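Hi everyone, and thanks for making time for this. Please have the sequence and the 3D view open, and we'll walk through a few places together.

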Amino acid sequence: DGQTFIAMEFIDGQTLRDKKAGMSYKQAVDIGIQLADGLAVAHEHGVVHRDIKPDNIMIRKDGIAQIMDFGLAKLRGTVSRLTKQGSTVGTAGYMAPEQVQGLDADHRSDIFSLGVVLYELFTGQLPFKGVHETALAYEIVNVDPAPMASVKPEIDPNLDAIVLECLAKEPDEHTQSAKQVSVDLKRYRR
């Protein structure tokens, strides 16, 4: 009838935030691989998500993880009113240091956010814990996260290394591709 509307896919499942509590390490590693593979496809098409967090990931009833809500996404090299340089876009606690500082976010920012999600998935807590948004932003930019094994001693040092490499402060210093995160997690799983 000439009215504007939005059609969205119905996903029969739960958000990762709701699902993670009962998840085994093996399931968590499998979810991590799926997320890294999904981000790799987006990045290959020049899309940077910029808001990777457990609320934007659905786990379908068949166990497949789907990255949702590309509402803050941008195409590589584009600038818009919403995404202009110097603006902060993302969710506090999951943003990469460059996002917190209002710098340009690229695919490596998504890898940092994936690292935050994986850290939370394996330990049950966030790697950065500022009590308010300014303190949280300071921690993301300046404080190295504690190794996951310091939170849960049973976490394998090899898994810890994969996640902590995603969380390096400088984009040039952390894992450079989502595909590499997937490869590392698959190697760990084997």
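Let's begin with T15, which is in contact with P54, D55, I57 and M58 once neighbours within four places in sequence are left aside. Contact here means heavy atoms within 4.5 Å. T15 itself lies in strand β1, residues 13–15. Helices (H or I, at least four residues) and strands (E, at least two) are DSSP runs, numbered from the N terminus. With a relative accessibility of 18%, T15 counts as buried. For that word, the cut-off is under 20% relative accessible area, while exposed means over 50% and partly exposed is in between, using a 1.4 Å probe and protein chains only.

Before going on, a word on what we're looking at. This is a predicted model, in which local features need pLDDT of at least 70 and side-chain atom pairs count only at pLDDT 80 or more, while totals for chains, interfaces and linings use all residues. Residues are numbered from 1 along each chain as its sequence is written, and side-chain values use heavy atoms, with hydrogens and water left out.

Now to M68, in the loop between β4 (65–67) and β5 (74–75). Not counting residues up to four places away in sequence, M68 touches I11, H49, N56 and M58.

D69 has a positive phi of about 55°, although it is not a glycine. At 44% relative accessibility, D69 counts as partly exposed. R50 also has a positive phi without being a glycine, near 70°. You'll find R50 in the loop between β2 and β3, and R50 is buried, at a relative accessible area of 6%.

Next, the helices. Helix α2 has 20 residues and reaches 28 Å from its first C-alpha to its last, close to the 28 Å expected at 1.5 Å a residue. That expected span is 1.5 Å times one less than the number of residues. Several residues of α2 are buried, including A28, V29, I31, L35 and L39. What do the buried residues of α2 pack against? They pack against α1 (16–19), β2 (47–48), β3 (57–60), β4, α4 and α8. After α2 comes G46, with a positive phi near 80°.

Helix α4 covers residues 107–123, and its 17 residues should span 24 Å; the end C-alpha atoms are 25 Å apart, which agrees. α4 is mostly covered, with 16 of its 17 residues buried. G124 follows α4, and its phi is positive, near 85°.

So how do these two helices meet? α2 and α4 pack at an angle of about 170°, their axes 11 Å apart. Axes are lines fitted to C-alpha atoms, for helices over the stretch in contact, and angles run from 0 to 180 degrees between N-to-C directions. The two helices are therefore roughly antiparallel to each other; that label applies over 145 degrees, with under 35 roughly parallel, 65 to 115 roughly perpendicular and the rest oblique. Among the residues making the contact are Y25, A28 and L35 of α2 and L114, L118 and F122 of α4. By class, the contact has 12 nonpolar, three polar and one charged residues. Ala, Val, Leu, Ile, Met, Phe, Trp, Tyr, Cys and Pro count as nonpolar, Asp, Glu, Lys and Arg as charged, and the others, Gly among them, as polar.

Finally, the aromatic rings: the structure holds two pairs. The rings of Y25 and F122 have centres 6.1 Å apart and planes at 35°, so this pair is tilted. Rings of Phe, Tyr and Trp (its six-membered ring) pair if their centres lie within 6.5 Å; planes under 30 degrees apart are stacked, over 60 edge-to-face, and the rest tilted. Y25 in α2 and F122 in α4 are 97 residues apart, so to speak a link between distant parts of the chain. Y25 is partly exposed at 33%, whereas F122 is buried at 1%. The rings of F112 and F128 have centres 6.0 Å apart and planes at 10°, so that pair is stacked. Both F112 and F128 are buried.
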